[in-house]
Amino acid sequence: MEKILKKRSVAGLVCLGILLQNAAYLPANADSASQISFNEICSKNTAYKAADGSCYDWVELYNNGKTDADISGWGLSDKETEPYKYVFPDGTNIPANGRLMVFCDSDGAKNNAKIAPFGLSSSGETLTLTDTKGNIAQTITFDAIPADSSYGQYPDGSGQYYMLSCTPEKANTAPEGSAAVHKPAFSHDSGFYDSSFSLTLTADEGCDIYYTTDGSDPVWGSKKYTEPLTIKDMTDTENRLSARTDIVPDGGEAPRGNVDKAVVIRAVAVDSENHASEYVTKTYLIGKTNSGYYKNMKVSKNTTVSFSATAETTILPLSSVTASISPSLPTEALPIRQLLSVSSCLTANSGAFTR
């Protein structure tokens, strides 16, 4: 009897050992989304070479778990409706606290199945990581990234994303300069709104927010954000910029009535050591500005002008005038001939924030 028990015990230990060994490679799923994440994204790579010597866009995944993860069959995509544009091949494992590099290039993928068949947009886009059951493990949206820089986590796996120096296959390094401070977040995106609303600005704990409403750079001495801002229709306010005729070619006339006006909020976050984030600019048009000639028009900090047969009478929001024209002037809609005489554009400059 004693011998039988010993044999059963040994067999049990052997089975347990086999299970533990295989457990390290059990398929991962989206329930462990916090375990697998986008660690770095580089949309313009000119330095880090693939095995074929080419420089492709790339993504680095990170396993923040204590066990290895098998992501065979998972999907990586830049298109929400096609989550499996790239499928990780069988045997794709990421070690615990390890990284996995994925190059992205439509041409490179034709000769290498380990390269995702799409490039990354230099102006920014959204990437999705999906498990074998169709569950989304992570979705990440990034803006324009400078060449040979990345949008990544610091520290690795922390969930805190910054603009970083590229460190493919290595631990990410701390962000520097303005990249070390997250930009303030706006509760409402740029666009057309039917009625007034309260705009809330938020920043990381320990950071102050400064903002302007006249298109100028937010600096020390600008208004400090302490409570939500009321965004309302500014059409009935005095015409100031559009009333100027010294910037109009061929002796154009100023508008006889009030023109549509946009509300432009520019904000910056500043930490306790006076490190400033990049500027954020949002443009809002309220109420009757949402009329036929604005239909389906996207508002951004740099408005694209479209020419047509009615160009001379078209009204467009002036969201691209710098404070160099006049830091006290409101942002207004201008007749196209005035708009075309202004060539400056808002830039998201940032730097030292001095008090």
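This is a predicted model: local features need pLDDT of at least 70, side-chain atom pairs count only at pLDDT 80 or more; totals for chains, interfaces and linings use all residues.

Biologist: What percentage of the residues is buried?

Modeller: Here a residue counts as buried under 20% relative accessible area. The protein has 355 residues, and it contains two helices and 22 strands. The buried share of the residues is 43%.

Biologist: Which strands stand at the edges of the open sheet of four strands?

Modeller: The pairing in this sheet is antiparallel, and the order is E5-E4-E8-E9. A strand at the edge has a single partner strand, so one side of it is left without a neighbour in the sheet. The edge strands are E5 (86-87) and E9 (136-143).

Biologist: Which residue of E5 is the bridge partner of Leu76?

Modeller: Strand E4 covers residues 75-77, and two bridges join it to E5. The two strands run antiparallel. In E5, the partner of Leu76 is Tyr86.

Biologist: How many residues does the largest nonpolar core have?

Modeller: Phe38, Leu61, Phe88, Leu127 and Leu129 have the most contacts inside this core. Strands E1, E2, E7, E8 and E9 each supply at least two of its residues. Beyond its neighbours within four places in sequence, Leu61 touches residues including Phe38, Phe88 and Leu129. The number of residues in the core is 26.

Notes:
Residues are numbered from 1 along each chain as its sequence is written. Side-chain values use heavy atoms; hydrogens and water are left out. Two strands pair if DSSP finds at least two bridges between them. A nonpolar core is a set of buried Ala, Val, Leu, Ile, Met, Phe, Trp, Tyr and Cys residues joined through side-chain atoms within 4.5 Å. Buried means under 20% relative accessible area, exposed over 50%, partly exposed in between (1.4 Å probe, protein chains only). Contact means heavy atoms within 4.5 Å.
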